[in-house]
Amino acid sequence: MRLVILDNYDLASEWAAKYICNRIIQFKPGKDRYFTLGLPTGSTPLGCYKKLIEYHKNGDLSFKYVKTFNMDEYVGLPRNHPESYHSYMWNNFFKHIDIDPNNAHILDGNASDLQAECDAFEKKIEEAGGIDLFVGGIGPDGHIAFNEPGSSLVSRTRLKTLAMDTILANAKYFDGDLSKVPTMALTVGVGTVMDAREVMILITGAHKAFALYKAIEEGVNHMWTVSAFQQHPRTIFVCDEDATLELRVKTVKYFKGLMHVHNKLVDPLYSMKEEN
């Protein structure tokens, strides 16, 4: 497990974007060798997506041979609804890059058979060769995707009822009207994300500080599903200073020390054009 601490949200977003960019470039994807990328929604990854779009427009990065799998989608919300995760991904990322729409996989929350949709999603991931890098964010209660507190840590893609805390947190996207907020969603499972070859979790803001503490300083706990990634062989938590407010001083100093000692291993901020 690695914890990367940056001064602020913008630097954390840039670090994460360059890490993703470098991973894709180093993989050297092609028509017979696609890089598979798991992606989140929400406010946290927006800065990362903006940077990835910038790298693409600068000619540093192509998504032509990248397949993406999104973490979740609301149930019953029309695909073209401005708050659907389909709309989020296309408006904030996909329409600005050169990805083949057929390679951008998002769960269909309006499928006639929701369980069959979930099973098919798992099969698509398997057929793609698994996820090379799964990027995720978390809620203040430590949930990843819509794996709410109490979710099984070996869960797979499935239908989930949303916790009231999640519904309240999402109300800001629906004019503060709780009656408009979907109460169910399709989501990848903790086990689905754990199967990825590498996981990167983005955690920013003081309101996520207690969740970060639970994620890395306490034991694995199904009430804080993000804590499961302590047991993944290649997990990187990327955070800003505000998110470290609940951590012990020695924890922060330890991981900051690793960043300085192993700078070349930890810091991906090198010239990407040299890799092309």
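Guide: Let's begin at Asp175, which is exposed, with a relative accessible area of 70%. Keep in mind as we go that this is a predicted model. The side chain of Asp175 forms a salt bridge with that of Lys180, at 3.7 Å from N to O. Lys180 itself counts as partly exposed, since its relative accessibility is 44%.

Now turn to helix α1, residues 9–27, where Glu14 and Lys18 are 4 residues apart and therefore separated by about one helical turn. Their side chains meet in a salt bridge of 3.4 Å, N to O. Both Glu14 and Lys18 are buried.

Helix α2 holds another pair: Lys51 and Glu54 lie 3 residues apart there, about one turn of the helix. Their salt bridge spans 3.6 Å, N to O. Lys51 is partly exposed at 23% relative accessibility, and Glu54 is also partly exposed, at 35%.

While we are at α2 (residues 46–57), look across to helix α3 (residues 85–92): their axes come within 10 Å and cross at roughly 40°, so the two helices are oblique to each other. In this contact, Leu46, Tyr49 and Ile53 of α2 meet Tyr88, Met89 and Asn92 of α3.

Across the whole structure, the search finds 11 salt bridges.

Technical notes:
Residues are numbered from 1 along each chain as its sequence is written. This is a predicted model: local features need pLDDT of at least 70, side-chain atom pairs count only at pLDDT 80 or more; totals for chains, interfaces and linings use all residues. Side-chain values use heavy atoms; hydrogens and water are left out. Axes are lines fitted to C-alpha atoms, for helices over the stretch in contact, and angles run from 0 to 180 degrees between N-to-C directions. Angles under 35 degrees count as roughly parallel, over 145 as roughly antiparallel, 65 to 115 as roughly perpendicular and the rest as oblique. Contact means heavy atoms within 4.5 Å. A salt bridge is a side-chain nitrogen of Lys or Arg within 4 Å of a carboxyl oxygen of Asp or Glu. Buried means under 20% relative accessible area, exposed over 50%, partly exposed in between (1.4 Å probe, protein chains only).
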